[in-house]
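Please look over the sequence and the model below before reading on. The text then walks through a few places in it.

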Amino acid sequence: MPLATLPLADPGGPDLSSPLAFLRWLQRSQRRGQVLAACWSLLELGCQAALPVPLGRGVQAAVDGDAPGIWRAGGAALALAALAALGTVLLHRQAVWNWIHAATQVRQLVARQASHLGAGLSRRIATGEIVAVGSGDVEKIGWYVELSARVRGAVIVWLGVSAAVLVVEPVLGLAVLLGVPVLAAAVWPLLGPFERRYSEQRALGGKATELAADTVAGLRVLRGIGGEELFLDRYRAASQKVRSAAVRSARVWSLMQAQQVLLPGLFVVGITWYGAHLAATGRIGIGTLVAVYGATAYLAAPLRILGEAAHAWSVARVSAGRAVRVLSLSRTSGNHDAELSAPGQSDLYDPASGLTARAGELTAVVCGDPDFAGELAERLGGHVPLAEGVEPSPSVRLGGTELDAVPLAAARAAVLVHDKEPVLLSGTLAALLDVPASGRVTPAEALAAARAEDVLDALVDGSPDSGGDAMRAGITERGRSLSGGQRQRLALARSLLADPPVLVLDEPTSAVDAHTESRIAAGLRKNREGRTTVVFATSPLLLDQADRVVLVQGGRAAASGRHRELMHDEPAYRAVVTRDEEPAPVGEGV
């Protein structure tokens with residue numbers, strides 16, 4: 001059958017009411033694949049289950065000296081073997097596709113959620129947890145979704161074999177009919193301990209991944225202070241906890257696997273002994289005994305599938321629960337059907353802090369707490385609440401319209417938040433600057449305003465294949481070949497090129513020298529002339545260019561005015577800017 005193209009054009013809207021509902025939704029979203037896999041499983045297992053019948057008839061024909069019967073039995077056995085082989089090929093192809101389809105669908109849902117929530121996602125769920133959901137958990141979920149179709153085929157074949165044996169020999173048929181579910185259920189008492197141990201292993205693995213991500217992100221700083229060994233020891237300890245938890249999970253899983261081998265073996269031995277007794281007493285023929293033995297021994301295959309399904313269910317339920325937790329996060333509560341009118345001509349107001357950025361002006365915000373400055377910058381962009389379990393702050397308003405009430409795409413188009421540590425993806429400079437833009441600012445103008453001339457020269461020197469064209473020069477992953485200040489200026493140029501109606505910049509010049517910062521401040525003011533701009537900074541060079549400066553203390557806007565006025569009149573403002581010992585907070589109100 002033709003397979004659909006991945007990734008999916010639309011991963012759909014999942015049912016997040018529970019982990020089980022989510023898994024069921026994934027199965028429903030690939031109905032055709034599930035039906036085909038069940039059919040191919042039925043063909044494969046059914047032919048394998050029926051194969052002992054012609055073999056038994058062939059043995060009986062040999063005993064009776066019936067040569068034509070031997071040939072007929074051989075032909076039937078050959079045909080069943082060929083069909084079983086065909087079913088195996090088709091089932092494997094479809095099963096792998098179902099697995100990949102489900103895993104890709106979950107991965108796309110997680111990626112869409114990360115894009116939807118933006119930088120606030122990492123404030124609500126640890127980075128390691130998100131990485132684990134997007135990598136290991138999607139594989140476990142895909143495994144269970146794929147396996148569910150094979151389970152249906154195994155159950156149908158088990159019922160068919162039981163009915164056939166029941167007709168030939170009622171006692172044996174009843175034993176087969178009742179014995180298989182009993183053996184399959186025997187593994188369930190171990191599922192609870194296994195699931196608890198796997199959950200512990202999964203949680204410890206997420207913490208280890210988070211520690212590794214934090215270590216890699218701060219590797220340059222760690223090397224500067226000689227802290228590599230300290231963090232290496234911490235990661236070793238975390239990884240040893242994961243190993244110990246994995247060993248505990250493996251012990252239970254090994255018992256489950258041993259049970260899947262031992263109990264079906266004992267079952268087949270018992271059925272074979274009873275069948276041999278019937279043959280010895282003349283109640284059934286030799287050929288019938290061979291057929292019954294072959295069909296009964298075959299039931300080990302469905303039992304293995306049921307045991308595998310039990311294991312897959314245990315890990316998939318844990319993984320689905322974590323995926324549902326990530327996918328259930330919402331940007332806000334309520335509808336998003338409001339519209340923004342003339343966002344570039346509207347004031348940006350935050351009720352939580354009392355901060356107002358007037359339309360068309362360059363507003364600088366001074367915060368004594370850098371962490372709160374970052375949180376406030378995210379809130380101005382209409383991003384998610386700061387932490388899980390915390391009541392969301394009142395929505396930021398743009399021209400009287402709450403940003404949380406408009407569609408996410410409209411909010412992002414109206415207000416662009418330039419992070420303190422923006423990410424540069426690998427590729428060419430042209431690809432980096434290929435962003436949705438108003439068209440008012442050219443790439444050359446944006447780069448000039450960010451004072452990135454030396455960055456262009458460095459890119460050309462590092463890319464011999466560029467032919468001297470900076471736009472064709474390559475940028476390594478996260479811009480590692482550039483200095484911190486160079487990366488910062490390229491990211492600033494990208495934001496200026498986008499030219500949104502409202503631009504929020506969080507410490508855009510923290511990694512550059514004073515001379516370059518002064519030139520950037522002038523270029524920023526000229527480039528954003530007449531556009532609403534908010535800059536979080538404590539540098540006098542940037543503050544002096546602002547039309548208005550707002551001091552935020554204790555989470556509230558405490559004072560506002562021109563930079564020089566505040567330096568003269570507000571001791572608290574002067575203490576933050578000059579980094580002197582901070583006096584008592586000034587009164588609230590702007």
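The paragraphs below cover one glycine and then several salt bridges.

This is a predicted model, in which local features need pLDDT of at least 70 and side-chain atom pairs count only at pLDDT 80 or more, while totals for chains, interfaces and linings use all residues. Residues are numbered from 1 along each chain as its sequence is written, and side-chain values use heavy atoms, with hydrogens and water left out.

Gly58 belongs to helix α3, residues 52–64 (helices, H or I of at least four residues, and strands, E of at least two, are DSSP runs numbered from the N terminus). Its relative accessibility is 14%, so Gly58 counts as buried (buried is under 20% relative accessible area, exposed over 50%, partly exposed in between, with a 1.4 Å probe and protein chains only). Apart from neighbours within four places in sequence, Gly58 is in contact with Ile70 and Ala73, contact meaning heavy atoms within 4.5 Å.

There are 13 salt bridges in the structure, each a side-chain nitrogen of Lys or Arg within 4 Å of a carboxyl oxygen of Asp or Glu. One of them joins Asp10 and Arg112, with the closest N and O atoms 3.6 Å apart. This pair links distant parts of the chain, 102 residues apart: Asp10 is in the segment before α1 (19–28), and Arg112 is in helix α4 (residues 67–117). Asp10 is exposed at 55%, whereas Arg112 is partly exposed at 39%.

Arg379 and Asp350 form another salt bridge, at 2.9 Å between the closest N and O atoms. Both Arg379 and Asp350 are buried.
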